[in-house]
Amino acid sequence: MDKKNIARASIMIAMFGILSKAMGALRVMVIGWKFGQGLETDAYNAAFQVTAMSMSIIGTAILTALVPVLAQIKERHGIRGKFKFFNNISNIVIVLAIIISVLVYIFAPVLIKIMFTSFDEEKFNLAVKLTRIGVPIIISLALMNLITAYLHSFNIYGPYAFMGILYNLTFFVYLFFMPLSIEGLIITTIFANLSQFLIQVPAMFKTGYRWRPLIQMKDPYVFRTLELIIPVAIGSAVQQINIIVDRNLASGLPDGVITGMDNATKVNDAILAIFIAGFTTVMFPLLSEAFERNDHKKIVDLIDDAIGAVFLITIPATIGIMTMSTDLIQLMFERNMFTHEDTIVTAGAFFFYSLGLTGSGLRMLFSKVFYSLHDTKTPMINGFFAVALNIILNIILVRFMQHRGLALATSISVTIATFMLIIRLKRKLPDMNFTNYFKEFLKVFISAATMGIAVIIINKTLKTLAISDAIRILTVILSAAIIYFIMVILTRVRAVNVYLNRFLKRDKR
């Protein structure tokens, strides 16, 4: 895959991601319309959380660890060796998923009791029932992560980009055209997750792979994969602990704070998922292949491009959120039962979470770089540090800033942890040029700051006119985008010139 196609693939994933996120928001709204917010939906969400969490930690580790191992095997043993290993590891993971499914089915009452201690008997019994119905979700997630990693190792991203859309369409078919029940909703969730696997199967077969019922536990690459998976799985588990601590501290604050923090987190995560995750998804296999060829120059070149892309997206997003947080939350959420007081709470968290956008984007990128270098321990240790720092800052800042302090603690901890991660990476890749990164950061920051000043002026001016809030905010956003684009051209931001040249087929690098 050449550099021009990297950008195109990233944009494709981002565009489908935007559509998928929009459909996901509509899905949540429709479920609310059809089922309301009560005992049944609480039990459904609990059941889904238990089943998804049972495999998501391992699934994320599988997706992360398999790509570099597959690249290594292809380099050393060719495509047939790659097929043989993937067949072996797939069978092992499927057996593991079945075992986990059986355990979740048996111990569903214990898991629900541990995770949702306040459920009354009726809600508890329904949650246990739905958890047991939903155990196939575990196997579906295992299959989805396996095939996604496999296709990414071939630089195939189309099915991955589209599967979120199919996931939501499955729900819409049920919600609009089928008789409704909470049991039917959890069964639909099973099929929706299964669809994310099935849509990728034709692309897998086109690569020439055929499944075989064979398991070889003595394969050295199986142990290599486990060596990479375990630290990632531990890191994912630690992040879950971090979320639990955050929400426990928030539970002592006034009503509505936890929901406000969740809403703010989802909006920030959407920015990262749509733009940064798409880019790092495409970069990961390329970094792994470059590592296997010992091509450190290409690795550094890819990192340079990725850092530039993260700066271009997250810095203006941060300044835009800081100047428009209340207006944006009001436009997105404030209606029906969501009051202006709720807007203030959510906007406060939104503002301080945004300060960590650049750190989060870079951390997502650098973690992928370490994984491509077959180093999963460094991101794991860094994750422990980030969680420990976040907990300490949470305890301190929540006393002075309440929920805003929790959001600020998250942003500070992720930024410091990212800085430590890049220092560690510099030791592995001495050719990384920090001076150039700092220059690029300053150029983008100046461009974004200019945009931010213009946003404040334009927004205040438009508020004096008799126009709707939606038109005002959309006008401000469009104006901000134009001003920012002009500024990054004028300040000669390298990343902009690189991507423009690639799309114009004039790569002057």
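User: Is the crossing of α3 and α4 left-handed or right-handed?
Analyst: In this predicted model, α3 crosses α4 in a right-handed way. That label is used because the near helix is turned clockwise from the far one by less than a right angle.

User: Okay, and what makes α3 oblique to α4?
Analyst: Look at the angle. Helix α3 (residues 108–115) packs on helix α4 (residues 121–133) at about 125°, and their axes are 9 Å apart. Roughly perpendicular covers 65 to 115 degrees, roughly antiparallel needs over 145, and the rest between those two count as oblique. So α3 is oblique to α4.

User: Which residues of α3 and α4 meet?
Analyst: On the α3 side you'll find Ala108, Pro109, Ile112 and Lys113, and they meet Phe124, Ala127, Val128, Thr131 and Arg132 of α4. Sorted by class, that contact has six nonpolar, one polar and two charged residues.

User: Why is α4 called roughly parallel to α7?
Analyst: α4 and helix α7 (residues 182–198) pack at about 30°, with axes 9 Å apart. Angles under 35 degrees count as roughly parallel, so α4 is roughly parallel to α7. This crossing is right-handed.

User: How do you know that α4 and α7 are in contact, and which residues meet?
Analyst: Contact means heavy atoms within 4.5 Å. In α4, Leu126, Lys129, Leu130 and Ile133 meet Ile182, Glu183, Ile186, Ile187 and Ile190 of α7. Those residues divide into seven nonpolar, no polar and two charged.

User: How is the crossing of α13 and α15 turned, left-handed or right-handed?
Analyst: α13 passes α15 in a left-handed crossing, a name used because the near helix is turned anticlockwise from the far one by less than a right angle. Their axes cross at roughly 35° and come within 9 Å. Among the residues of α13 in this contact are Leu362 and Phe366, and the α15 partners include Thr415 and Leu421. By class, the contact divides into nine nonpolar, five polar and three charged residues.

User: Which helices supply at least two residues each of the lining of the second largest pocket?
Analyst: α13 and α15 turn up here too, along with α11 and α16. The largest share comes from α11, with six residues. The pocket's volume is about 560 Å³. Of its 20 lining residues, the closest to the centre are Phe311, Thr358, Leu362, Thr415 and Phe441.

User: How many residues of the lining of that second largest pocket are nonpolar, polar or charged?
Analyst: The lining has 15 nonpolar, five polar and no charged residues. Phe311, Leu362 and Phe441 are lining residues, and they count as nonpolar because Phe and Leu belong to that class.

Conventions:
Residues are numbered from 1 along each chain as its sequence is written. This is a predicted model: local features need pLDDT of at least 70, side-chain atom pairs count only at pLDDT 80 or more; totals for chains, interfaces and linings use all residues. Side-chain values use heavy atoms; hydrogens and water are left out. Axes are lines fitted to C-alpha atoms, for helices over the stretch in contact, and angles run from 0 to 180 degrees between N-to-C directions. Helices (H or I, at least four residues) and strands (E, at least two) are DSSP runs, numbered from the N terminus. On a 1 Å grid over the protein atoms alone, a cavity is a set of points where a 1.4 Å probe fits but cannot get out, and a pocket is an open set with protein on both sides within 12 Å along at least five of seven lines; lining residues have an atom within 4 Å of a point. Grid points are joined across faces, edges and corners, and a volume is the space filled by probe spheres set on the points.
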